[in-house]
Amino acid sequence: MTSPTRRPITIAGACVLLGGSAVAAELPITGSYGNVESCAYALRGESSGSDDFFLLTKDAVTTAVAHCRFLDVRPRSDKGFDVTAQCEEEGWTEDLAPFEIEIEMVEPESYVLNIDDGSQWGPLALCR
């Protein structure tokens with residue numbers, strides 16, 4: 001999903017991307033889910049600029065290099081969701097092609113995202 005020639009998106013850039021005007025599909029979750037770096041940002045606005053950044057919210061997942069908004073959310077019977085997402089990356093004028101994410105609850109307050117290219121993000125725990 002990322003190219004070695006692309007610069008990581010800055011946290012400030014991610015904030016601009018989060019403010020988009022398009023209506024997105026939403027997960028029926030409350031709060032933000034992430035790793036240490038993204039939860040520090042979600043809770044306190046602090047960022048180290050780390051490339052290890054994954055933040056799941058009800059309408060998007062943001063990484064160090066992209067902001068991916070949800071276009072379609074389909075509940076699954078096994079405490080998960082199938083999601084169609086579309087990403088914006090810093091330096092690109094066009095959105096990337098939509099792709100599929102399988103979001104699985106792995107613990108009561110933790111999710112894993114299985115990307116259709118075979119990669120996996122998470123587990124992402126509830127930010128506290």
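**Entry 1**

I began with strand S3 (residues 60–63), which pairs with S4 in the antiparallel sense over three bridges; two strands are taken as paired if DSSP finds at least two bridges between them. Strands here are DSSP runs of E with at least two residues, and helices are DSSP runs of H or I with at least four, both numbered from the N terminus. I noted that this is a predicted model, in which local features need pLDDT of at least 70 and side-chain atom pairs count only at pLDDT 80 or more, while totals for chains, interfaces and linings use all residues. Residues are numbered from 1 along each chain as its sequence is written, and side-chain values use heavy atoms, with hydrogens and water left out.

Between S3 and S4 I found a hairpin with two residues separating the strands, and across this pairing valine 61 has cysteine 68 of S4 as its bridge partner.

**Entry 2**

I then followed S4 (residues 66–76) to S5 (residues 80–89), to which it is joined by 10 bridges, the two strands running antiparallel. Alanine 66 stands opposite glutamate 89 in S5, and arginine 76 has glycine 80 of S5 as its bridge partner. The hairpin of S4 and S5 has three residues between the strands, and in it lysine 79 takes a positive phi near 60°. I kept in mind that most residues other than glycine have a negative phi.

Stepping back, I traced eight strands that close into a barrel in the order S1-S2-S3-S4-S5-S6-S7-S8, with antiparallel pairing. As a reminder to myself, strands of a sheet pair through backbone hydrogen bonds, either parallel or antiparallel.

**Entry 1: the disulfides**

How many disulfides does the structure hold? I count two, taking a disulfide as a pair of cysteine sulfur atoms within 2.5 Å; with the bonded cysteines counted along the chain, they follow the pattern 1-4, 2-3.

Cysteine 68 and cysteine 87 form one of them, with their sulfur atoms 1.9 Å apart. This pair links distant parts of the chain, since cysteine 68 lies in strand S4 and cysteine 87 in strand S5, 19 residues apart. The link of cysteine 68 and cysteine 87 is right-handed, with 95° about the S-S bond, and both cysteines are buried (buried is under 20% relative accessible area, exposed over 50%, partly exposed in between, with a 1.4 Å probe and protein chains only).

Cysteine 39 is joined to cysteine 127 by a disulfide with S to S at 2.0 Å. Here too distant parts of the chain are linked, cysteine 39 being in helix H2 and cysteine 127 in the segment after S8, 88 residues apart. The torsion about the S-S bond of cysteine 39 and cysteine 127 is about -75°, so I recorded this disulfide as left-handed. Cysteine 39 counts as buried because its relative accessibility is 12%, and cysteine 127 counts as buried because its value is 11%.

What does helix H2 lie across? I found H2 (residues 36–44) across strand S1 (33–34), strand S2 (54–56) and strand S8 (120–126), running at about 55° to S2; axes are lines fitted to C-alpha atoms, for helices over the stretch in contact, and angles run from 0 to 180 degrees between N-to-C directions.

Serine 38 is found in H2, and with a relative accessible area of 0% it is buried. Its side chain reaches the backbone oxygen of phenylalanine 54 at 2.5 Å. Leaving aside neighbours within four places in sequence, serine 38 is in contact with Phe53, Phe54 and Leu55, contact meaning heavy atoms within 4.5 Å.

A search of the whole structure gave me three aromatic pairs, where rings of Phe, Tyr and Trp (its six-membered ring) pair if their centres lie within 6.5 Å, planes under 30 degrees apart counting as stacked, over 60 as edge-to-face and the rest as tilted. One of them is phenylalanine 54 with tryptophan 121, a tilted pair at 5.4 Å centre to centre and 40° between the planes. Phenylalanine 54 lies in strand S2 and tryptophan 121 in strand S8, so this pair ties together parts that are 67 residues apart in sequence. Phenylalanine 54 counts as buried at 18% relative accessibility, as does tryptophan 121 at 10%.

Last, I checked proline 123, which lies in strand S8: the peptide bond from glycine 122 to proline 123 is cis, with omega near 15°.

How values were computed: A polar contact is a pair of N or O atoms within 3.5 Å; within protein, one must be able to donate a hydrogen and the other to accept it, and residues adjacent in sequence count only if both atoms are side-chain atoms.
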